[in-house]
Amino acid sequence: MKGEGEMKAGKSIDDWLPITSSRKAKWWYSAFHNVTAIVGAGVLSLPYAMAELGWGPGVTVLILSWIITFYTLWQMVEMHEMVPGKRFDRYHELGQHAFGEKLGLWIVVPQQLLVQVGTNIVYMVTGGKSLKKFHDVVCPSCKSIKLTYFIMIFGSVHFVLSQLPNFNSISGVSLAAAVMSLSYSTIAWGASVHKGRPETVDYSYKSSTKIGAFFSFLSALGDVAFAYAGHNVVLEIQATIPSTPEKPSKKPMMKGVIVAYIVVAMCYFPASLISYWAFGNSVDDNILITLEKPRWLIAMANMMVTIHVIGGYQIFAMPVFDMIETVLVKKMNFKPSFPLRFISRSIYVALTMFVGISLPFFGSLMGFFGGFAFAPTTYFLPCIMWLVLYKPKMFGLSWTANWICIILGVLLMVLASIGALRQIILQAKSYTFYS
């Protein structure tokens with residue numbers, strides 16, 4: 001048995017750690033945290049993914065992804081308090097409950113870190129690129145400034161924001177980000193409608209060869225997987241909601257998730273389908289590049305993307321801060337203090353900024369990670385945990401639904417990784433460090 005002193009020490013550490021320190025969130029916090037986590041700047045590449053998938057497969061993959069990821073998100077919300085009196089506040093804690101102490105950590109933590117740290121690096125680059133585009137659109141005659149400096153400007157914001165202690169303290173940032181994601185998605189499809197569909201529009205595959213079209217198809221699957229990545233922070237978001245036996249956290253959490261998924265549909269479906277309808281296979285991998293006019297609107301949309309990825313970076317960084325601080329305090333016995341938090345978080349921000357500056361093509365590597373890590377944590381790991389923990393009746397509805405998700409998720413993981421790997425090999429010649 002743990003001594004009373006140990007229990008108190010553990011409690012005071014939990015009261016300090018970012019995930020468990022504040023449990024006062026309202027259901028609408030969960031709504032905009034989830035929107036910010038799921039709707040990344042990935043929405044801007046969905047029209048391009050549609051061009052590589054084609055109408056039939058593209059619509060099918062988008063709708064199936066929405067349904068499957070909504071289902072697996074619901075499962076995670078249900079499993080958060082499946083053991084009476086205990087809460088699985090972190091993805092890896094649920095993994096440990098399902099697969100055992102050691103194995104659970106090894107299955108979940110590397111994938112979760114790959115998604116969160118990878119997304120943070122991509123957001124560093126995306127934030128810098130959007131700032132650069134904003135600058136170039138507003139002042140086309142100005143002297144060109146290197147992307148490196150814009151990434152540094154974007155990164156400097158996070159040295160300040162990353163000192164906010166927990167999820168609830170970033171709710172304002174997250175709300176602004178969620179509003180921005182809906183706004184720039186609307187600009188993307190609204191401007192496409194305004195521009196109209198030219199008679200020369202071509203919906204055939206971008207690639208002229210069959211093998212090229214096939215691999216582009218696989219790579220586009222990775223882009224779609226990357227667009228649904230919110231599951232990596234869902235238990236951590238739910239951990240901030242108060243819970244009692246009479247009023248469990250899953251009810252307000254689920255209310256927030258439903259609102260979030262309606263917003264996700266409002267962002268993803270019009271932006272990808274209308275923009276593809278308007279431009280066909282001539283669409284760029286970022287729809288805002290394809291839309292050159294009106295200039296003020298494109299400048300505004302790029303600023304919105306910047307604000308959105310500021311919030312997105314913080315949402316994905318918070319669980320990483322929690323892991324770093326848990327190791328420092330519980331394993332290395334550092335005292336919970338402001339200097340510890342300030343130094344550890346600043347080092348993390350500096351590292352993600354450094355990688356973003358060094359590898360500004362990191363986004364194109366993300367298609368590979370998208371298949372490799374996003375697909376498991378989002379599409380099928382929750383289903384495997386559900387089967388292990390609830391043991392539904394064989395060939396029953398729940399059992400069948402979970403196995404369908406697992407098979408589709410594994411296929412997605414393998415195929416998207418193959419497609420993205422080929423893209424990386426083809427593009428490697430044009431990669432420039434420190435651009």
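Visitor: Which crossing does H3 make as it passes H4, left-handed or right-handed?
Guide: Happy to start there, with the reminder that this is a predicted model. The two helices in question are H3, residues 46–53, and H4, residues 55–79. Where H3 passes H4, the crossing is right-handed.

Visitor: Are H3 and H4 roughly parallel, roughly antiparallel, roughly perpendicular or oblique to each other?
Guide: Two packed helices are described by the angle between their axes and the distance between those axes. For H3 and H4, the axes lie 7 Å apart and the angle is about 130 degrees. Roughly perpendicular covers 65 to 115 degrees and roughly antiparallel starts over 145, so an angle between those ranges falls in the remaining class. H3 and H4 are therefore oblique.

Visitor: Which helix gives the most to the nonpolar surface patch?
Guide: The patch is formed by Leu64, Trp403, Ile404, Ile407, Leu408 and Leu411, with about 530 Å² of accessible area together. Five of its residues come from a helix spanning residues 397–427. That main contributor is helix H16.

Visitor: Is Leu411 buried, partly exposed or exposed?
Guide: Leu411 sits in helix H16 and belongs to the nonpolar patch. Its relative accessible area is 44%. Buried means under 20% and exposed over 50%, so Leu411 counts as partly exposed.

Visitor: And what is the relative accessibility of Ile153?
Guide: Ile153 lies in helix H7, residues 147–161. Ile153 counts as partly exposed, because its relative accessibility is 45%.

Visitor: What distance separates the C-alpha atoms of Ile153 and Tyr29?
Guide: Along the chain, Ile153 and Tyr29 are 124 residues apart.

Note on methods: Residues are numbered from 1 along each chain as its sequence is written. This is a predicted model: local features need pLDDT of at least 70, side-chain atom pairs count only at pLDDT 80 or more; totals for chains, interfaces and linings use all residues. Side-chain values use heavy atoms; hydrogens and water are left out. Helices (H or I, at least four residues) and strands (E, at least two) are DSSP runs, numbered from the N terminus. Buried means under 20% relative accessible area, exposed over 50%, partly exposed in between (1.4 Å probe, protein chains only). Patches are made of residues with over 30% relative accessible area and no salt bridge: like charges are joined within 9 Å, nonpolar side chains (Val, Leu, Ile, Met, Phe, Trp, Tyr) within 5 Å. Accessible areas come from the Shrake-Rupley method with a 1.4 Å probe; for residues, only the protein chains shown count as cover. A salt bridge is a side-chain nitrogen of Lys or Arg within 4 Å of a carboxyl oxygen of Asp or Glu. Axes are lines fitted to C-alpha atoms, for helices over the stretch in contact, and angles run from 0 to 180 degrees between N-to-C directions. Angles under 35 degrees count as roughly parallel, over 145 as roughly antiparallel, 65 to 115 as roughly perpendicular and the rest as oblique. A crossing is left-handed if the near helix is turned anticlockwise from the far one by less than a right angle, and right-handed if clockwise.
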